[in-house]
Amino acid sequence: MNEPIKKIAVLTSGGDAPGMNAAIRAVVRACTYYRMDCIGIYRGYQGMIEGDFKPLAAREVSNIINKGGTILKSARSEEFKTEEGREKAYNQLVKEGIGALVVIGGDGTFTGALKFIQEFNFPVVGIPGTIDNDIYGTDRTIGYDTALNTVVEVIDKIRDTASSHNRLFFIEVMGRDAGFIALNTGIGAGAEEILIPEKDLGLDRLEESLTISREKGKSSSIVVVSEGDKIGKNVFELADHIKEKYPFYDIRVSVLGHMQRGGSPSCSDRVLASRLGVAAVEALLDRSTGVMVGITNNQVSTVGLNKAIKMNHDINKELLKVAEITSV
């Protein structure tokens, strides 16, 4: 790390998130601003192993800030999980004259980056890109705001149908290990109940809530379910259970799935991605490595990749209370 950095590479890995392209654009243009070359690595760590590189100049990332997905593509690499695979990747970087690396992704991406740093002492900075918002050390991750807006828009449309036909809808949203999407969209869309992994509501509480809603004259209800909810049933089994116990409910299930990852990023995600892309390059120029750039209290911050991986981004307990109060 004594030599000045002349060439930085950037990759995206893991699940795609709206705003990743805006982050790529910011990294490329920050490199141009600071008179460095930038190399795009296609297909994440697998592309790094195979040397799937392409030089990126400022004009080559024009008109991508508004696009969802990632122009660099993404792939999960089993080979990179091995020492041999990581050594191949390192040799490809050395061969290309790359002096530092920016990785955009989530937990798995940062875990791979940390091992790579430990083995080769190679400068790496991470940018959090995941719709789940489950990364410690940042208030928001790239793609989260867009996903919230997408889900709320869909739930609003489903509520129109629920009200028209007096139906109970169970709507499953992404969040295998974190309920940020479910909690915030449930509040934003006025859901009657919200089921998340962080809080085991239990069937008894759900049944009680639906009974009270019925007694209060609610003819339709929305229950937002995080896919990782710990109530002990998947959303279809849960719906079947409620239907069996409360046959008067006309129940439907909607699994929103991967539509939550797609679409043009919101303004908030574009700005966040741009700030973090520039911050990642500047962190490398300041000789930082093994850190993730994030946003805390609307200020750019850094946290060690080890903490970003191991520590939990806690759910906001105030929001849990707000959800309970506003669903009466």
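This is a predicted model: local features need pLDDT of at least 70, side-chain atom pairs count only at pLDDT 80 or more; totals for chains, interfaces and linings use all residues.
Leaving out neighbours within four places in sequence, Ser-221 touches Arg-167, Leu-168, Phe-169, Glu-192 and Ser-213.

Is Ser-221 buried or exposed? Its relative accessibility is 1%, so Ser-221 counts as buried.

Now let's look at what lies beside S8. The strand belongs to an open sheet of four strands, paired in parallel, in the order S7-S8-S6-S9. The edges are strand S7, residues 193-195, and strand S9, residues 250-255, each of which pairs on one side only. On average, neighbouring strands in this sheet are turned by 15° against each other, direction ignored.

How many bridges join S7 to S8? There are three, and the two strands run parallel. Two pairs to pick out here: Glu-193 stands opposite Val-223 in S8, and Ile-194 has Val-224 in S8 as its bridge partner. Over on the S6 side, six bridges join S6 to S8, again running parallel. There, Glu-172 stands opposite Val-225 in S8.

Next, a helix that packs on this sheet. H8 lies across strand S6 (167-173), S7, S8 and S9. Relative to S9, H8 runs at about 175°.

H8 also brings us to the charged side chains. Lys-245 and Glu-207 meet in a salt bridge, at 3.0 Å from N to O. This pair links distant parts of the chain: Lys-245 is in helix H8 (residues 235-245) and Glu-207 is in helix H7 (residues 203-215), 38 residues apart.

How many salt bridges does the structure hold? The count is 11. Let me show you another one, between Lys-7 and Glu-96, where the closest N and O atoms are 4.0 Å apart. Lys-7 lies in strand S1 (residues 7-12) and Glu-96 in helix H3 (residues 83-96), so this pair ties together parts that are 89 residues apart in sequence. Lys-7 is buried, with a relative accessible area of 17%, while Glu-96 counts as partly exposed at 31% relative accessibility.

Then there is Arg-43, which forms a salt bridge with Glu-50, the closest N and O atoms being 2.7 Å apart. Both ends are partly exposed: Arg-43 has a relative accessible area of 26%, and Glu-50 has 45%. Bring in Asp-52 as well, and you have a network of salt bridges linking Arg-43, Glu-50 and Asp-52.

What about the cysteines? The disulfide count comes to zero. Cys-31 is in no disulfide, and its nearest cysteine sulfur, that of Cys-38, is 4.1 Å away.

Finally, the nonpolar interior. In soluble globular proteins, nonpolar side chains tend to be buried together. Here, the largest nonpolar core has 64 residues. Which residues have the most contacts inside it? They are Ile-8, Val-102, Ile-127, Ile-181 and Ile-222.

Let's zoom in on Ile-127 before we stop. Setting aside neighbours within four places in sequence, its contacts include Val-27, Val-102, Val-103, Ile-104, Phe-110, Ile-142 and Leu-276. Gly-105, Gly-277, Ala-280 and Val-293 are also among the contacts of Ile-127. Beyond this core there is a second, separate one of 26 residues, which includes Phe-53, Phe-80, Ile-98 and Leu-305.

How values were computed
Residues are numbered from 1 along each chain as its sequence is written. Side-chain values use heavy atoms; hydrogens and water are left out. Buried means under 20% relative accessible area, exposed over 50%, partly exposed in between (1.4 Å probe, protein chains only). A disulfide is a pair of cysteine sulfur atoms within 2.5 Å. A nonpolar core is a set of buried Ala, Val, Leu, Ile, Met, Phe, Trp, Tyr and Cys residues joined through side-chain atoms within 4.5 Å. Contact means heavy atoms within 4.5 Å. Two strands pair if DSSP finds at least two bridges between them. Axes are lines fitted to C-alpha atoms, for helices over the stretch in contact, and angles run from 0 to 180 degrees between N-to-C directions.
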